[in-house]
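Please open the model in your viewer and keep the sequence panel beside it.

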Amino acid sequence: MNDSKLLNDKLALVTGASRGIGAATAEALAAAGAHVILVARTTSALEEVEDRIHSAGGSATIAPLDLTDGENIGKLAGAIAARWEKLDVLVLNAAMLGSLSPVQDIDPKEYSRILSLNLLANQALIAAFDSPLTKAEKADVVALTSSVGAEPRAFWGAYGSSKAAVEALLGAYADETAYNGRIRVHVIDPGATRTRMRALAFPGEEPETVKPPEVVASAIVELLGADAPTGKVRVEA
């Protein structure tokens, strides 16, 4: 598929855009014609992604911030609404893995951080950007999940429960907005992908044995370009 014109004049926001699936998705969206707002904590890493997008002829703006601070999200939404008025694509990708441990040994402080970023920040983003999304002719919300969100696995209780909650949250939002026919909600299970998080979870795995994040990014852009309906999709190798 030729993605070069699919998203012309669209505005997209990608969280966790400094590396991995987030960075690859931001670059793919820009290559498809969208102006992409890059959100993550590390300014230098965001600047590297922005430079790659600009070098490839795309358009992007960096927005360094900590997503666990709801006030920051509100300020970002206000700035975007003032400049662009609408948002066409919201990609909820930022997440943390945390430690893999038995449920009884989950560290409460770490679990709180996991839920804060993986769940609460996504609800805050939806709340902040619901109005700009509804002002778009058609808008897409994309949330990255994991197989452990739907299929519980030993030692993955903290991360898996955060993803299960995200799926429930996005499902509710999809149901609540279905009446207007303007917002489509996509839950994406990327499957095994060559990311830093994957390396932390499976330190003995050869990176070359799993697909690169660009495969997931391409699948997301193809989904958006095809005007796919609300639903859950797993990206195969």
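Does histidine 186 count as buried or exposed? Select this residue to begin: histidine 186 has 1% relative accessibility and therefore counts as buried, where buried means under 20% relative accessible area, exposed over 50% and partly exposed in between, computed with a 1.4 Å probe on protein chains only.

Before going further, note that this is a predicted model, in which local features need pLDDT of at least 70 and side-chain atom pairs count only at pLDDT 80 or more, while totals for chains, interfaces and linings use all residues. Residues are numbered from 1 along each chain as its sequence is written, and side-chain values use heavy atoms, with hydrogens and water left out.

Stay with histidine 186, whose place is in strand β6; helices (H or I, at least four residues) and strands (E, at least two) are DSSP runs, numbered from the N terminus. Leaving aside neighbours within four places in sequence, histidine 186 is in contact (heavy atoms within 4.5 Å) with residues including Asp140, Val142, Leu223, Pro229 and Gly231.

Now widen the selection to the whole sheet. Seven strands form an open sheet in the order β3-β2-β1-β4-β5-β6-β7, with parallel pairing. At its edges lie β3 (59–64) and β7 (231–234), each of which pairs on one side only. Neighbouring strands are turned by 20 degrees against each other on average, direction ignored.

Within α4, pick alanine 128, which counts as partly exposed because its relative accessibility is 23%. Its C-alpha atom is separated by 5.9 Å from that of glycine 74, 54 residues apart along the chain. Beyond neighbours within four places in sequence, alanine 128 is in contact with Ile73 and Ala77.

Next, select β1, of whose five residues five are buried. In a regular strand the side chains alternate between the two faces of the sheet. Here Leu11, Leu13 and Thr15 on one side and Ala12 and Val14 on the other are all buried. Five bridges join β1 to the parallel strand β2 (residues 35–40), and the bridge partner of valine 14 in β2 is leucine 38. Three bridges pair β1 with β4 in the parallel sense, and leucine 13 stands opposite leucine 90 in β4.

Finish with helix α1 (residues 20–31) and helix α2 (residues 43–55): α1 and α2 pack at an angle of about 25 degrees, with their axes 10 Å apart. That angle makes α1 roughly parallel to α2, a term for angles under 35 degrees, whereas those over 145 count as roughly antiparallel, 65 to 115 as roughly perpendicular and the rest as oblique. The contact is made by Ala23, Ala26, Glu27 and Ala30 of α1 and Val49, Arg52 and Ile53 of α2.

Terms used. Pairing = 2+ DSSP bridges. Axes fitted to C-alpha atoms, helices over the stretch in contact; angles between N-to-C directions.
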